[in-house]
Number of protein chains: 2
Amino acid sequence: MTPKIIQGSKRGRGRPAVFDRSKALFEAMKLFWERGYEGTSFDDLIGAMGISASSFYNSFGSKEALYCEATRAYLDWAGQWFFAILNEPSTDARTAFALLLEATAEEFTRGDHPPGCMISLAGTHCSPGMRNIRDMMSEHRAFSESAMAARIRKGIADGDVPADTDCGMLAAYYSAVARGLAVQARDGASREKLSEIAKVAMRAWPPGKARDARR
Amino acid sequence: MTPKIIQGSKRGRGRPAVFDRSKALFEAMKLFWERGYEGTSFDDLIGAMGISASSFYNSFGSKEALYCEATRAYLDWAGQWFFAILNEPSTDARTAFALLLEATAEEFTRGDHPPGCMISLAGTHCSPGMRNIRDMMSEHRAFSESAMAARIRKGIADGDVPADTDCGMLAAYYSAVARGLAVQARDGASREKLSEIAKVAMRAWPPGKARDARR
DNA sequence: TTATTTTTGGTGTCATCGCTCCAAAAATCC
DNA sequence: GGATTTTTGGAGCGATGACACCAAAAATAA
């Protein structure tokens with residue numbers, strides 16, 4: 001319960017850090033991403049991170065704390081392309097979502113990291129000791145969904161989305177599609193397949209011309 | 001490796017089974033469904049099944065073997081409504097898929113069993129010891145997707161689906177949507193929300209009148 | 001009742017998991 | 001170089017996980 005003091009508590013004197021902390025975190029992230037929280041053991045982690053058990057403890061506190069950090073690191077990383085596309089001011093809402101799904105297809109199938117999404121499929125099972133992590137991942141999913149809803153609302157304000165669109169529901173739909181793409185990627189689907197699915201998914205975009213947003 | 005002989009090997013003489021095997025299996029299924037394979041412990045299982053460790057071993061062989069059986073039981077159970085709707089001869093393909101998603105929304109949110117789908121979200125993480133289970137679940141997902149593709153092909157043959165439809169891709173899309181609905185259900189989405197998402201998803205159905213199937 | 005077959009409780013085992021502690025080493029500032 | 005501060009390797013620990021075994025009990029056919 002006491003907030004564990006981690007690496008860098010009294011910097012300026014004494015021995016500095018030897019291993020690259022953010023690099024170790026990145027390795028841990030990839031492992032969690034591929035194997036999930038329960039599927040990744042302490043020994044797996046320190047092996048991949050190249051540090052000892054005590055270094056691990058000193059620097060990251062606990063497996064659960066590391067998982068939170070790794071998740072944050074993933075969000076910072078994936079959030080870059082996600083929000084860059086979502087908030088690009090010069091594209092209309094429909095194009096933004098098409099590009100978003102296209103980028104999703106690409107990012108979910110790159111060879112330099114595990115397939116799919118670290119957030120979409122993690123913490124979906126609920127054993128007693130997993131509630132914290134489950135709730136955390138659930139909140140992250142809700143957050144990205146609400147970001148999509150906000151973009152759709154902006155589309156209405158901009159006049160490029162029909163004014164009677166249910167933003168929350170359309171966001172929930174695209175959120176669900178993205179989760180589904182993650183499962184497909186896990187099952188070995190190619191970028192091309194995900195891309196085609198994305199194209200089909202875009203056919204569900206609200207039909208009809210946008211009405212005048214200025215009422 | 002030796003195929004373990006389980007309950008009922010030499011029936012007709014001796015003591016008969018005391019506990020209800022299929023009921024115990026059903027309890028195990030619900031536990032696996034909710035908590036996943038790794039999240040469910042041996043003790044959790046025998047507790048929920050109401051049997052001793054040795055009975056467990058005698059009757060089901062191992063945790064992994066039980067998981068396979070529980071998965072089969074789930075497929076038999078969920079396959080009932082799934083295939084009943086998919087193969088109903090009097091509905092056209094589009095209606096079949098609309099009803100399928102509608103049923104999915106309902107089944108994924110019933111109070112009498114865990115939310116979502118036991119197949120959609122299981123075995124998506126790949127630690128070394130989970131490869132068998134991962135592959136098994138992946139195959140089950142591929143199977144349901146191919147069943148959907150077959151139904152769409154039948155729709156083309158019946159003339160109620162445009163002949164130039166890419167059946168495999170459309171099936172992959174609806175498969176992905178179903179997986180996404182499972183995640184949404186896990187995150188606590190209501191039947192109504194899933195139902196609305198399903199309606200949005202149906203807007204992606206191939207547009208245009210069906211061409212004459214008889215070429 | 002007896003022989004036969006299967007179930008059961010209880011106990012044990014071996015591995016892994018996630019930590020935890022400690023003494024020694026290393027790198028900085030003075 | 002010495003003091004200070006932090007990191008590191010290594011050993012160990014309590015808990016849990018997934019079986020595994022066995023003698024005793026129970027229920028049936030004969």
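User: How many salt bridges does the rule find across the interface of chain A and chain B?
Analyst: In this predicted model, the rule finds 4 salt bridges between chain A and chain B.

User: What is the distance for Arg141(B) and Asp187(A)?
Analyst: Arg141(B) and Asp187(A) form a salt bridge, and their closest N and O atoms are 2.7 Å apart.

User: And polar contacts, how many residue pairs across the interface?
Analyst: There are 19 residue pairs in polar contact across the interface of chain A and chain B, both residues at pLDDT 80 or more.

User: Which elements of chain A give two or more residues to the side that touches chain B?
Analyst: Those are α1 (21–35), α6, α7 (167–186) and α8 (191–202) of chain A.

User: Which gives the most?
Analyst: α7(A) does, with 13 residues.

User: How do the residues on that side of chain A divide?
Analyst: Into 20 nonpolar, 12 charged and 10 polar residues.

User: What area is buried between the chains?
Analyst: About 3400 Å² is buried between chain A and chain B, with 59% of that from carbon and sulfur atoms. Of the area that chain A buries against chain B, His125(A), Met169(A) and Arg203(A) supply 16%, more than any other three residues.

User: How many residues does the contact take from each chain?
Analyst: It takes 42 residues from chain A and 42 residues from chain B.

User: Switching to Arg134(A): where is that?
Analyst: Arg134(A) sits in helix α6 of chain A, residues 131–158.

User: Buried or exposed?
Analyst: Arg134(A) counts as buried because its relative accessible area is 16%, and the cut-off is under 20%.

User: What does Arg134(A) touch?
Analyst: Leaving out residues up to four places away in sequence, Arg134(A) touches Gly123(A), His125(A), Cys126(A) and, from chain B, Arg186(B).

Terms used: Residues numbered from 1 in each chain as written. Chains lettered and ligands numbered in written order. Predicted model: local features only at pLDDT ≥ 70, side-chain atom pairs only at ≥ 80, totals over all residues. Heavy atoms only, no water. Helix = DSSP H or I, 4+ residues; strand = E, 2+ residues; numbered from the N terminus. Buried < 20%, exposed > 50% of the residue type's maximum accessible area, 1.4 Å probe, protein only. Contact = heavy atoms within 4.5 Å. Buried area = accessible area lost by both parts, 1.4 Å probe. Salt bridge = Lys/Arg side-chain N within 4 Å of Asp/Glu carboxyl O. Polar contact = N/O pair within 3.5 Å; in protein donor to acceptor, adjacent residues only side chain to side chain. Nonpolar A, V, L, I, M, F, W, Y, C, P; charged D, E, K, R; others polar.
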